[in-house]
Amino acid sequence: MDILKVMGQRLKELRNEKRRYQRELGELLDISTRHYQKIERGEVNISVLALCSLADYFEVSVDYLLGRTDKR
């Protein structure tokens, strides 16, 4: 599985755990809901700043989001 797919899957799991909508995460990143949906599907790459923002929001490491570790 490629890194974007892993990241998207983990973001979706984390978002569902927090009971948040894709729209809310799009607003956090200042992007459209459609663009955020593409992130969760592993279709687009994201900036380092966006990656760090998501890791901070979900209180996990960047390595966890990227699938480099299973430790949150």
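Reader: Why does Phe58 count as buried?

Author: Phe58 has 6% relative accessibility, and buried means under 20% relative accessible area, with exposed over 50% and partly exposed in between (1.4 Å probe, protein chains only). So Phe58 counts as buried. Keep in mind that this is a predicted model, where local features need pLDDT of at least 70, side-chain atom pairs count only at pLDDT 80 or more, and totals for chains, interfaces and linings use all residues. Residues are numbered from 1 along each chain as its sequence is written, and side-chain values use heavy atoms, leaving out hydrogens and water.

Reader: What makes Tyr57 and Phe58 an aromatic pair, and of which kind?

Author: Rings of Phe, Tyr and Trp (its six-membered ring) pair if their centres lie within 6.5 Å; planes under 30 degrees apart count as stacked, over 60 as edge-to-face and the rest as tilted. Here the centres are 5.0 Å apart and the planes make 80°, so the pair is edge-to-face. The structure holds one aromatic pair.

Reader: How do you know that Lys18 lies over the face of Tyr57?

Author: A charge sits over a ring if NZ of Lys or CZ of Arg is within 6 Å of the ring centre and within 35 degrees of the ring normal. Lys18 is 5.1 Å from the ring centre of Tyr57, and Arg10 lies over the face of Tyr64 at 4.2 Å from the ring centre.

Reader: What makes the buried residues of helix 4 line one face?

Author: Helices (H or I, at least four residues) are DSSP runs, numbered from the N terminus. The buried residues of helix 4 are Ala50, Leu51, Leu54, Ala55 and Phe58. They fall within an arc of 135° (taken from the directions from the helix axis to the C-beta atoms), so they line one face. On the other side, Val48, Leu49 and Asp56 are exposed.

Reader: Which helices do the buried residues of helix 4 pack against?

Author: They pack against helix 1, helix 2, helix 3 and helix 5; contact means heavy atoms within 4.5 Å.

Reader: Which buried residues does helix 2 have, and how do you know that they share a side?

Author: They are Leu25, Gly26 and Leu29. Their arc is only 105° around the axis, which puts them on the same side of helix 2.

Technical notes:
Helix = DSSP H or I, 4+ residues; strand = E, 2+ residues; numbered from the N terminus.
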